[in-house]
Amino acid sequence: HVIDLHWQPCEAPALQQVLRLEEFLGRAAPLPALAANARAPHRVLAVLHGAVNQAQHAAKGYYVDGQRQPGDGRLIWAWDIHLLAQRFSSQDWAELVQIACDRGIAPVCLAALEQTSSQLHTEIPPEVREQLLRHALIGGDDLVEDVGELADGADVAARHAHGKIADAHRLPVFIIGRRDDG
């Protein structure tokens with residue numbers, strides 16, 4: 001198994017206000033089979049993280065064996081969201097829509113869900129599609145316009161600092177935590 005290890009949900013400072021560490025920590029589920037202090041994000045936050053991550057990779061590419069690959073649409077990313085979305089309750093879907101619209105990532109979220117549905121026939125409730133699309137068409141999602149600039153430098157630094165761990169994007173299990181300084 002591969003684990004995507006993060007100190008923050010997103011490397012890009014602008015996205016750290018969209019996907020907040022405190023929220024991930026506050027809603028994290030224990031993973032005692034992995035380690036005593038291991039935690040996984042709540043499934044709604046994990047889907048939003050996956051959607052934002054896909055948008056960043058669409059703009060900046062991704063790395064395999066140290067080589068930059070262009071584009072997005074990798075099946076592994078769709079599979080991650082598919083596995084998570086299969087467990088969604090109606091409350092989870094409502095929360096996903098609320099967060100995506102409130103934080104300006106409705107188009108990014110809709111694109112990731114549509115890709116997953118197209119590739120894996122994941123069931124996305126029609127009202128979820130409609131609400132995300134309506135919000136995306138209204139506009140106001142300034143963050144989406146700047147997604148290509150969000151990762152400048154941060155992704156390169158992370159790869160050099162963490163080697164292949166930074167390149168190993170595998171949801172639904174990833175660990176977010178604080179360093180123990182004392």
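Trainee: What should I know before I start?
Mentor: The model is predicted: local features need pLDDT of at least 70, side-chain atom pairs count only at pLDDT 80 or more, and totals for chains, interfaces and linings use all residues. Residues are numbered from 1 along each chain as its sequence is written, and side-chain values use heavy atoms, leaving out hydrogens and water.

Trainee: Where is Ser 117?
Mentor: Ser 117 sits in helix 5, residues 106–120. Helices are DSSP runs (H or I, at least four residues), as are strands (E, at least two), numbered from the N terminus.

Trainee: Is Ser 117 buried or exposed?
Mentor: Buried, because its relative accessibility is 14%. Buried means under 20% relative accessible area, exposed over 50%, partly exposed in between (1.4 Å probe, protein chains only).

Trainee: What does Ser 117 touch?
Mentor: Thr 122, Ile 124 and Arg 129, not counting residues up to four places away in sequence. Contact means heavy atoms within 4.5 Å.

Trainee: Which residues of helix 6 meet helix 5?
Mentor: Val 128, Arg 129, Leu 132, Leu 133, His 135 and Ala 136. On the helix 5 side, Ser 117 is one of the residues involved.

Trainee: New topic. Where is Trp 7?
Mentor: Trp 7 is in the loop between strand 1 (4–6) and helix 1 (21–26). Trp 7 is partly exposed, with a relative accessible area of 37%.

Trainee: How many residues separate Trp 7 and Leu 21 in sequence?
Mentor: They are 14 residues apart in sequence, and 8.3 Å apart in space, C-alpha to C-alpha.
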